[in-house]
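Student: Could you take me through one part of this model in some detail? I'd like to hear about the side-chain contacts.

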Amino acid sequence: SANREDYVADMVFNFQKTFKEKHKLLALLGYSYQVQNDDGAYARAMGFMSDALMYYKLQAGETRPVVSSYKNKHVLASYFGRAQYSFKDKYLFTFTARIDGSDRFGKNNRYAFFPSGAFAWRMNQEDFLKDVSWLSDAKLRVSMGQVGNENLPNDAASEYFSFEGRNYYLGDVEKRGVNLGKFGNPDLKWETTTSWNVGLDFGFLNDRINGSIEWYHMPTTDLLVDRSLPGFTGYTDIVTNLGQVNNEGFEF
């Protein structure tokens with residue numbers, strides 16, 4: 001049997017104001033909280049003389065029944081804000097900021113700050129291009145922003161104990177043994193991708209012909225990887241932040 005429960009709570013506040021018909025301001029503040037709970041139990045047996053009892057009499061199997069159970073919890077909490085300003089619908093500015101927290105990371109780095117900013121210039125709204133009839137759109141865009149990645153198992157940064165293969169004898173009775181099953185990493189932190197973009201959107205003949213040209217540069221740092229450990233430690237690997245990957249190119 002398995003059970004999963006997801007709870008999500010979002011609070012968002014919006015503000016909008018126009019000043020002297022030239023200045024427009026849009027602002028947003030928000031908070032988001034999400035928790036996932038998973039639990040379940042499993043039982044298995046083999047070697048039945050008949051299928052008549054189905055799974056209601058697992059003890060009737062010739063092999064010893066295998067039982068297991070689990071419980072997981074994952075929490076995400078985010079604070080975010082955004083401000084958009086435009087002047088005469090020609091100069092557009094956008095600023096955003098996020099503080100994201102995840103319990104999948106080490107206790108020293110569960111929260112991270114991710115800012116972004118963008119500027120757009122509608123050149124076709126300028127006086128020197130307004131009378132160009134064949135040009136229906138011309139917008140220059142520049143942006144920079146960061147996002148985080150937490151694509152990890154729930155227990156990636158934490159230590160846990162194992163109950164397998166560590167039994168011992170006390171007198172003539174075999175007892176269940178417990179040992180440290182995995183190293184934890186209290187300094188494990190968010191993987192971060194930083195994106196730089198410069199683009200030009202264009203349209204001709206009332207947008208019968210339109211498109212864009214864009215350059216992007218996207219380095220990803222603090223990659224989340226399983227790092228191998230020497231065999232004498234008694235463990236095979238540990239999740240850590242390591243290395244950097246760069247993506248760069250042009251799009252048309």
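Is phenylalanine 114 buried or exposed?

Tutor: Phenylalanine 114 is buried, with a relative accessible area of 3%; buried here means under 20% relative accessible area, exposed means over 50%, and partly exposed is in between, with a 1.4 Å probe and protein chains only. Before going on, some bookkeeping. This is a predicted model, where local features need pLDDT of at least 70 and side-chain atom pairs count only at pLDDT 80 or more, while totals for chains, interfaces and linings use all residues. Residues are numbered from 1 along each chain as its sequence is written, and side-chain values use heavy atoms, with hydrogens and water left out.

Now for the ring contacts. The structure holds 9 aromatic pairs; rings of Phe, Tyr and Trp (its six-membered ring) pair if their centres lie within 6.5 Å, and planes under 30 degrees apart count as stacked, over 60 as edge-to-face and the rest as tilted. Phenylalanine 114 and tryptophan 190 make an edge-to-face pair, because their ring centres are 5.7 Å apart and their planes sit at 75°. That pair links distant parts of the chain, 76 residues apart: phenylalanine 114 is in strand β5 (residues 111-122), and tryptophan 190 is in the loop between β10 (179-182) and β11 (191-204). Strands here are DSSP runs (E, at least two residues), as are helices (H or I, at least four), numbered from the N terminus. Tryptophan 190 is buried too, with a relative accessible area of 5%.

Another pair is tilted: tryptophan 134 and phenylalanine 204, at 5.8 Å centre to centre with 45° between the planes. Tryptophan 134 lies in the loop between α1 (127-130) and β6 (135-149), and phenylalanine 204 in strand β11, so this contact ties together parts 70 residues apart in sequence. Phenylalanine 204 is partly exposed, at a relative accessible area of 26%. Ring pairs also link Trp134, Phe202, Phe204 and Phe252 into a cluster.

Arginine 141 is partly exposed at 22% relative accessible area, whereas aspartate 201 counts as buried at 16%.

Aspartate 222 sits in the loop between β12 (209-221) and β13 (224-228), 33 residues from lysine 189. Lysine 189 is partly exposed at 33%, and aspartate 222 is partly exposed at 25%.

Back to β5, and its partner strand. β4 and β5 pair in the antiparallel sense over 11 bridges; two strands pair if DSSP finds at least two bridges between them. In this pairing, isoleucine 99 stands opposite phenylalanine 113 in β5. On the other pairing, 12 bridges join strand β3 (residues 66-87) to strand β4 (residues 91-102), also running antiparallel. β3 and β4 form a hairpin with 3 residues between them, and lysine 88 in the turn has a positive phi of about 55°.
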